[in-house]
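Biologist: Before I rely on any of the labels attached to this model, I would like to hear what each one rests on. Could we go through them one at a time?

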Amino acid sequence: MSTTEDRLAIIETCTRMAWHADQREWDRLGEVFADSVTLDYTSLNGGEPAVLTPAQIVEAWSGLLGAFDATQHLITNHLVTVGGDTALCTASFQATHRLADPFGSPLWTLGGTYRFDLVRSDGAWKIGAVVMTATWADGNRNLMSLAAGNR
């Protein structure tokens, strides 16, 4: 595979993570992940990064994101570095979450950056780690708690 083909495949893998989640394609979401994935959302939630299997990620995200009326995760400005069978992709994101709330706005939008660590496995690029760094938000953050309670 050429460097250009690798870069395109890496960007598509990262984009598919958001696409499958937003389209509720839970059976496809797990395909983008390596066997063990480190998820670091500590910039938003505190705590420690979690190490999960693709099945555990799908279960968690389908429960939380699936409780929203809709979500849209836009990922752009990809910067890719390939080193053999490993790669690093950094990108900007904007994630909008929609859920009816009788006591506030139905929207919460979050922006920041993602860092994806990828590995090549059986000729395909898989995400082995995601670090989400939130840098701004707008709207009703309480929607996350409402969605978590709707499981």
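Biologist: Which residues count as being in contact with Trp-26, once its neighbours within four places in sequence are left aside?

Modeller: Since the model is predicted, the answer is computed from its coordinates: Trp-26 is in contact with Ala-21, Val-58, Trp-61, Ser-62, Leu-65 and Gly-66, where contact requires heavy atoms within 4.5 Å. Trp-26 itself lies in helix α2, residues 26-29.

Biologist: How far apart are Trp-26 and Gly-112 in sequence and in space?

Modeller: They are separated by 86 residues in sequence, and by 24 Å in space from C-alpha to C-alpha.

Biologist: What makes Trp-61 and Ile-127 stand out in the largest nonpolar core?

Modeller: That core has 38 residues, and Trp-61 and Ile-127 belong to the group touching the most other members, together with Met-17, Phe-33, Tyr-114, Phe-116 and Leu-118. Membership asks for buried residues of the nonpolar kinds, joined through side-chain atoms within 4.5 Å. Beyond four places in sequence, Ile-127 touches Thr-13, Cys-14, Met-17, Val-32, Phe-33, Ala-34, Val-37, Phe-116, Asp-117 and Leu-118. In soluble globular proteins, nonpolar side chains tend to be buried together.

Biologist: How do you know whether Cys-14 is in a disulfide or in none?

Modeller: A disulfide needs two cysteine sulfur atoms within 2.5 Å, and by this rule the count comes to 0. For Cys-14 the nearest cysteine sulfur is that of Cys-89, 4.1 Å away, so Cys-14 is in no disulfide. Cys-89, whose nearest cysteine sulfur is that of Cys-14 at 4.1 Å, is likewise in no disulfide.

Biologist: Why is Cys-14 called buried, and on what value does Cys-89 receive its label?

Modeller: Buried means under 20% relative accessible area; Cys-14 has 0% and is therefore buried, and Cys-89, also at 0%, counts as buried. Buried residues make up 39% of the 151 residues in the protein.

Biologist: Why are β2 and β3 described as standing at the edges of the sheet?

Modeller: The 6 strands form an open sheet in the order β2-β1-β6-β5-β4-β3, with mixed pairing. Because β2 (50-52) and β3 (70-83) each have a single partner strand, one side of each is left without a neighbour in the sheet. Neighbouring strands are turned by 20° against each other on average, direction ignored. Helix α4, residues 54-64, packs on this sheet by touching β1 and β2, and its direction makes about 50° with that of β1.

Definitions and conventions
Residues numbered from 1 in each chain as written. Predicted model: local features only at pLDDT ≥ 70, side-chain atom pairs only at ≥ 80, totals over all residues. Heavy atoms only, no water. Buried < 20%, exposed > 50% of the residue type's maximum accessible area, 1.4 Å probe, protein only. Pairing = 2+ DSSP bridges. Helix = DSSP H or I, 4+ residues; strand = E, 2+ residues; numbered from the N terminus. Axes fitted to C-alpha atoms, helices over the stretch in contact; angles between N-to-C directions.
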